[in-house]
Amino acid sequence: MIGFVGKILISKNSKQKVNFFEYLNQLAAFTNVSNIILLLALLGLFVQGFNALKFAFILLVITKINSLTGLTYSIVSGNQKGKIDKLHVAVLANFSYYLVSYVISKVLL
């Protein structure tokens, strides 16, 4: 939702409307590699057990970086011109993502 709101902020002035399902399709295209890497990490954990914990941690870090890169690129891709610069919206979306994650972790833990 954070990326979709960012995409709407960028395309406020353009006549092109942002469709939620088109945005999700674009985001999925950018982050499919993350799902494959995550599957490899889980497979390594099932096969090796605790011996593969370092390997799984490295793969999870790569997955996180790829997911945030996909989120950022899904926001800034396209020809929309808005009142707010694309770079500022992308930074704001990433900051919002971390803020929401922090709040959720504090509530649940």
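Reader: In which helix is Asn 94 found?

Author: This is a predicted model. Asn 94 is found in helix H4, which covers residues 86-108.

Reader: Is Asn 94 buried or exposed?

Author: The general idea is a cut-off: a residue is called buried when its relative accessible area is under 20%. Asn 94 has 17% relative accessibility, so Asn 94 counts as buried.

Reader: What does Asn 94 touch?

Author: Residues up to four places away in sequence are not counted here. With those set aside, Asn 94 touches Leu 68, Leu 71 and Thr 72. With Thr 72 there is also a polar contact, in which the two side chains are joined at 3.0 Å.

Reader: Leu 71 is on that list. Where is Leu 71 found, and what is Leu 71 in contact with?

Author: Leu 71 is found in helix H3. Its relative accessibility is 11%, so Leu 71 counts as buried. Leaving aside neighbours within four places in sequence, Leu 71 is in contact with Gly 3, Tyr 23, Leu 27 and Asn 94.

Reader: How should I read separation along the chain against separation in space?

Author: Take the two values side by side. Leu 71 and Phe 20 are 51 residues apart in sequence, and their C-alpha atoms are 14 Å apart in space. For Tyr 97 and Ile 58, the values are 39 residues along the chain and 21 Å between the C-alpha atoms.

Reader: Where is the place of Tyr 97, and which residues is Tyr 97 in contact with?

Author: Tyr 97 has its place in helix H4. Neighbours within four places in sequence aside, Tyr 97 is in contact with Ile 2, Lys 64 and Leu 68. Its relative accessible area is 27%, so Tyr 97 is partly exposed.

Reader: How many aromatic pairs does the structure hold?

Author: The general idea is that a pair of aromatic rings is described by the distance of the centres and the angle of the planes. The structure holds five aromatic pairs. In one of them, the rings of Phe 4 and Phe 20 have centres 5.0 Å apart and planes at 85°, so this pair is edge-to-face. Phe 4 is in helix H1 (residues 2-10) and Phe 20 in helix H2, so the pair links distant parts of the chain, 16 residues apart.

Reader: Are Phe 4 and Phe 20 buried or partly exposed?

Author: Phe 4 counts as buried, at 12% relative accessibility. Phe 20 is partly exposed, with a relative accessible area of 28%. Phe 4 also forms an aromatic pair with Tyr 23, and this pair is tilted, at 6.0 Å centre to centre with 55° between the planes. Phe 4 lies in helix H1 and Tyr 23 in helix H2, so the pair ties together parts that are 19 residues apart in sequence. Tyr 23 is buried, with a relative accessible area of 4%.

Reader: Which residues do ring pairs link into a cluster?

Author: Ring pairs link Phe 4, Phe 20, Phe 21 and Tyr 23 into a cluster.

Reader: What does the side chain of Thr 31 reach?

Author: The side chain of Thr 31 reaches the backbone oxygen of Leu 27, at 2.8 Å. Thr 31 is found in helix H2 and is buried, with a relative accessible area of 15%. Not counting residues up to four places away in sequence, Thr 31 touches Asn 66, Ser 67 and Gly 70.

Reader: Where does Ala 52 lie?

Author: Ala 52 lies in the loop between H2 and H3. Ala 52 is buried, with a relative accessible area of 7%. Neighbours within four places in sequence aside, Ala 52 is in contact with Gly 44 and Leu 45.

Reader: Which residues form a nonpolar patch on the surface?

Author: To join a patch, a residue needs over 30% relative accessible area. The nonpolar patch here includes Ile 36, Leu 38, Phe 46, Phe 50, Leu 53 and Leu 60. Together, the residues of the patch have about 1,100 Å² of accessible area.

Reader: Which helix gives the largest share of the nonpolar patch?

Author: The largest share comes from H2, with eight residues. Helix H2 (20-48) and helix H3 (53-76) each supply at least two residues of the patch. Leu 53, one of the patch residues, is found in helix H3. Its relative accessibility is 46%, so Leu 53 counts as partly exposed.

Conventions: Residues are numbered from 1 along each chain as its sequence is written. This is a predicted model: local features need pLDDT of at least 70, side-chain atom pairs count only at pLDDT 80 or more; totals for chains, interfaces and linings use all residues. Side-chain values use heavy atoms; hydrogens and water are left out. Patches are made of residues with over 30% relative accessible area and no salt bridge: like charges are joined within 9 Å, nonpolar side chains (Val, Leu, Ile, Met, Phe, Trp, Tyr) within 5 Å. Accessible areas come from the Shrake-Rupley method with a 1.4 Å probe; for residues, only the protein chains shown count as cover. A salt bridge is a side-chain nitrogen of Lys or Arg within 4 Å of a carboxyl oxygen of Asp or Glu. Helices (H or I, at least four residues) and strands (E, at least two) are DSSP runs, numbered from the N terminus. Buried means under 20% relative accessible area, exposed over 50%, partly exposed in between (1.4 Å probe, protein chains only). A polar contact is a pair of N or O atoms within 3.5 Å; within protein, one must be able to donate a hydrogen and the other to accept it, and residues adjacent in sequence count only if both atoms are side-chain atoms. Contact means heavy atoms within 4.5 Å. Rings of Phe, Tyr and Trp (its six-membered ring) pair if their centres lie within 6.5 Å; planes under 30 degrees apart count as stacked, over 60 as edge-to-face and the rest as tilted.
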